[in-house]
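Please look at the sequence and the 3D structure shown below.

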Amino acid sequence: MKILRINMNEDAPVAKFEDLGDYQGLGGRAITSAIISKEVDPLCHPLSADNKLVIACGLLGGTAAAMSGRVSVGCKSPLTGGIKEANAGGQAGQVMGRLGIAAIVLEGKPKGEDTYKIYISKDGVKIEKDNTIKMLPNYELVEKMKKEFGEKIACVSIGPAGEMKLSGASVAITDMELRPTRHAGRGGVGAVMGSKGIKVIVLDDAGTTPRQPKDAEAFKDANKRFVAGLQKHPVTGQGLPAYGTNVLTNIINEVGAYPTYNFKEGRFAGARKISGEVEAELEKQRGGNPTHGCHRGCVIRCSGIYHDKDGNYLTKQPEYETVWALGGNCGIDDIDKIAMMDFLCDNYGVDTIEMGATIGVAMEAGLLKWGDADGAINLLHEIGKGSYLGRIIGNGAAFTGKAFGVERVPVVKGQALPAYDPRAIQGIGVTYATSPMGADHTAGYSIALNVLKTGGFVDPLKPEGQVDLSRNLQIATAFIDSTGMCLFIAFALLDQPDTNQALVDMINAFYGWNMKDTDVVEYGKKVLKFERDFNIRAGFTKQHDRLPRFFYKEPIPPHNTVFMVKDEELDQLFNW
Amino acid sequence: MKVTVKLFGGIKSDKEFQKNEEGNIIFEFSEPITLSQLIEFLKLNKKPFIVILNGIIINDLSTKIKESDEISLFPPIAGGRLF
Ligand code: SF4
């Protein structure tokens, strides 16, 4: 495996392959965070030539391992000012792996205003100026790439939001149907790609073969046990395939942790109408599909295809956090309009969570009424148009809150809180507060134990045990994000030690390593250390590891609790 | 005594019950009963894995229910990953 460095500083951009060197043994989030931590000046401006954008497949990317196609996108984040790893599904990870590329590092910054596209195949790298693709939305862009390079490609691209360098901009990855539906959404990674002048990276694996393990027999056997374990577990084998992630709407609402009206209440009256159960039923009725994988090799298939009322493709099945952000959080209970917003976010290239939280803040400011779905859709179109208002919204909740003088702004380190209220689920509050990523549920998904009872149970309404819980999950997640595995495997790993062992065996068989459980923990800690260390050098202190004050002062109904984990306890998270 | 029972994630009851306008079961009983007795009475197609009583997750199914309680039942489910 190689690192591909593309330097945009020169008059003609230069591509160079390098050995992994110091980064040997690192994949996914481990390699993006290592490169950013070692090579990027933590005090640089995120949109400057000194920042780098790293796109990496995982340790098992491009192999025959199930679930191994996730991609990590890393940089210094324009949204948080800290390190960022945004994780996405789609086809790019597998294709990169098969091309022998562990990481693509975009460096420097072009002098002019030209737009570039990059084509990578087994025969090499072509970097071309192409101003005909400037400001194209993602769907149109991918259509154009298909015409130019054929149907067997995977695209990594930005929409107009990335080109405008907005802090809510995402990097889109195409799925199996070659649609730009899977996004490295969080932290404004799309803006950094935009600052490099790169609109799209087209990956073509024609003529390549899967990466070969050191011990083929042991690898095959471990993969088999791993897949059987996923299929046996009720969540990864049944729950997720049937309803997708949006099955969470009802349960998070029932436990009173569904942030509604910009985090004012913990229950939404319209929740059932926008739940995964309703979504899956509509998809079946309209000829969509509720059970679909976001990349080849996914055996859980939590994704889906959402059709409009006339039976035409509208978007991929909107995820729980998307439906919450653009739905319940804004008092919107029309699933078709939410699906339309999901499409618009994907097309213009913005993070659905950040945009939903931002529209919630705009509603709080009185810019539009709670529940005004058409108004929300218009705001997203403003981003596409690049109007001044659109640029404010596209820069996220914190920026919009400032622009309109709003006090209640749900962000940590500048990044919007996702779909679980930390006053009703205390464990997730610890993750939001302490993750080097800013408020990010995936960084240490305490919901698994606080609500879903996978891997045990920790009472969500009490502060006790939440720091330990979040710490252990953050460490495990940092490892899983480095393997290229979808984090959803964790539900089976938490409950089934033999499935956990199968994953470790698979990595060992592939690389000829001898990793044990303790090494897995050390690996995860190493990744978090890269990240934490970068943030400290970027100026972050323990005061940044806190939730906004209203979470400590305003009780949320129905439980009427506040966030109760003490500051001193939060400060112990990284003391292991 | 009357309680409201909400079924989610494909859980269904084989029996006919009175329902409210949201489609939730209105369950009536005279003697005090426990959650596990209630679940038995309901004759469900799947065993509930997560039992929520008035917004609180209950692990001890010998907990008694009382007038106006709200019970929500879920199979094993999960989600939560972005994209
Ligand atoms: S489980 Fe869902 S998110 Fe994970 S790889 Fe499969 S389709 Fe993608």
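How much area do chain A and chain B bury between them, and what share of it is on carbon and sulfur atoms? Chain A and chain B bury about 3000 Å², with 61% of it on carbon and sulfur atoms, where buried area is the accessible area (1.4 Å probe) that two parts lose on being put together, summed over both. In chain A, the residues that lose the most area to chain B are A:E254, A:R272 and A:K453, together 23% of what that side buries.

This is a predicted model, in which local features need pLDDT of at least 70 and side-chain atom pairs count only at pLDDT 80 or more, while totals for chains, interfaces and linings use all residues. Residues are numbered from 1 along each chain as its sequence is written, chains are lettered from A and ligands numbered from 1 in the order in which they are written, and side-chain values use heavy atoms, with hydrogens and water left out.

**The interface**

Chain A brings 47 residues to the contact and chain B brings 27 residues, contact meaning heavy atoms within 4.5 Å. Between the two chains the count is one salt bridge, a term for a side-chain nitrogen of Lys or Arg within 4 Å of a carboxyl oxygen of Asp or Glu. The elements that give two or more residues to the side of chain A that touches chain B include helix 8 (248–254) and helix 7 (234–243), and helix 7 of chain A gives the most, with five residues. Helices (H or I, at least four residues) and strands (E, at least two) are DSSP runs, numbered from the N terminus.

A search of the whole structure finds 45 salt bridges over all chains, and two of the pairs are set out here.

| Salt bridge | N to O distance |
|---|---|
| A:E254 and B:K6 | 3.1 Å |
| A:E18 and A:R5 | 2.9 Å |

**The backbone**

Most residues other than glycine have a negative phi, and most peptide bonds are trans. A:R301, however, has a positive phi near 55 degrees, and this residue lies in the loop between strand 13 (289–292) and strand 14 (303–307) of chain A. A:P557 and A:P558 are joined by a cis peptide bond, with omega about 5 degrees, and A:P558 is placed in the loop between helix 22 (550–553) and helix 23 (567–570) of chain A.
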